[in-house]
Amino acid sequence: MKICTITCHDVYNVGASLQAYALQTYLKSLGHDVKIIDYKPDYLSKHYRLDIVGNPKYDKPFLKQAYLLAKLPGRLHMLPRKKAFDSFTAKYLDLTKRYTSNEELKKEPPEADAFLAGSDQIWDYKLTNFDTTYFLDFVKEGKKKCSYAASIGENLPPEEYQQKYKELLSDFDEILVREDYGADIVENLTEKR
């Protein structure tokens, strides 16, 4: 079976890289053809860019240049770490083409029989800006949609998100979450257990 997984695999975090690699390796050991969707939206891409202001209050003409200058030594110091992660990704992770937005994925999704979201905190609205890509909203009708060790965060999402969570999660064939409280949240929102 051809399977595409999606997670936060390229965020320069050891746990994120290793969990993506472990899931890919395990699925391949079962005989599946596996690709990790190389999804890297702007909010996950800016940490190592030298021209990005992380705090909007400093994104003003003079302040921006001062902020970037102050941050430059630390960012330059981190470049070898970035290079090591990039090397690991290139050597060990089988990726699809790069996608930078949900719209790109909806327009030209990768081919697969099944799509697997997880693991990691992909459903925590605070960490992913409530990015519906991690709920597999780009997957075409008739394809299997599952999650594996997905984390939703520590609390029930705020009321303004709950209906959308319910719609997105109800569209999954199987849902496996990482924490017991995540299972309770999914059951509360969808009546799926």
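Tutor: Keep in mind that this is a predicted model. We can begin with a pair of helices. Helix α1, residues 14–29, packs with helix α3, residues 61–92, at an angle of about 5°, and their axes are 11 Å apart.

Student: Why give both an angle and a distance?

Tutor: Two packed helices are described by the angle between their axes and by the distance between those axes.

Student: Which residues make the contact?

Tutor: On the α1 side they are V14, S17, L18, Y21 and Q24, and on the α3 side F85, F88 and Y92.

Student: How many of those are nonpolar, polar or charged?

Tutor: The contact of α1 with α3 has 6 nonpolar residues, 2 polar ones and no charged ones.

Student: At what angle do α5 and α6 pack?

Tutor: Helix α5 (residues 159–170) and helix α6 (residues 180–190) pack at about 95°, with 9 Å between their axes. The two are therefore roughly perpendicular to each other, since that label covers 65 to 115 degrees.

Student: And which residues meet there?

Tutor: From α5, Q162, Y165, K166, L169 and S170; from α6, V186, L189 and T190. The contact of α5 with α6 divides into 4 nonpolar, 3 polar and 1 charged.

Student: New topic. How many disulfides does the structure hold?

Tutor: It holds 0 disulfides. Recall that a disulfide is a covalent bond between the sulfur atoms of two cysteines.

Student: What about C146?

Tutor: C146 is in no disulfide either, and its nearest cysteine sulfur, again that of C4, is 13 Å away.

Student: Is C8 buried or exposed? And C146, buried or exposed?

Tutor: C8 is buried, with a relative accessible area of 9%. C146 is buried too, at 12%. Both get that label because buried means under 20%.

Student: Let's do charges. How many salt bridges are there?

Tutor: The structure holds 11 salt bridges. One of them joins D124 and K126, with the closest N and O atoms 3.6 Å apart.

Student: Is D124 buried or exposed? What about K126, buried or exposed?

Tutor: D124 is buried, with a relative accessible area of 5%, whereas K126 counts as exposed at 51%.

Student: What does D59 pair with?

Tutor: D59 forms a salt bridge with K64, and the closest N and O atoms are 4.0 Å apart. D59 counts as partly exposed at 44% relative accessibility, and K64 as partly exposed at 27%.

Student: Which residue does E179 meet in a salt bridge?

Tutor: Its side chain meets that of R178, at 2.9 Å from N to O. E179 counts as buried at 16% relative accessibility, while R178 is partly exposed at 42%.

Student: Which residues are linked in a network of salt bridges?

Tutor: D10, D38, K40 and R98 are linked that way.

Student: What about the backbone? Which peptide bond is cis?

Tutor: The one from G118 to S119 is cis, with omega near -5°. S119 lies in the loop between β4 (114–117) and β5 (144–147).

Student: What is the phi of D120?

Tutor: D120 has a positive phi of about 95°, although it is not a glycine. D120 is also found in the loop between β4 and β5.

Student: And the phi of A149?

Tutor: A149 has a positive phi of about 50°, and it is not a glycine. A149 is in the loop between β5 and α5, and at 15% relative accessibility it counts as buried.

Student: Last one. Where is S101?

Tutor: S101 is in the loop between β3 (95–99) and α4 (102–107). At 19% relative accessibility, S101 counts as buried.

Student: How far is S101 from T133?

Tutor: Their C-alpha atoms are separated by 8.4 Å, and the two residues are 32 residues apart along the chain.

Note on methods:
Residues numbered from 1 in each chain as written. Predicted model: local features only at pLDDT ≥ 70, side-chain atom pairs only at ≥ 80, totals over all residues. Heavy atoms only, no water. Disulfide = S-S within 2.5 Å. Buried < 20%, exposed > 50% of the residue type's maximum accessible area, 1.4 Å probe, protein only. Axes fitted to C-alpha atoms, helices over the stretch in contact; angles between N-to-C directions. Helix = DSSP H or I, 4+ residues; strand = E, 2+ residues; numbered from the N terminus. Contact = heavy atoms within 4.5 Å. Nonpolar A, V, L, I, M, F, W, Y, C, P; charged D, E, K, R; others polar. Parallel < 35°, antiparallel > 145°, perpendicular 65-115°, else oblique.
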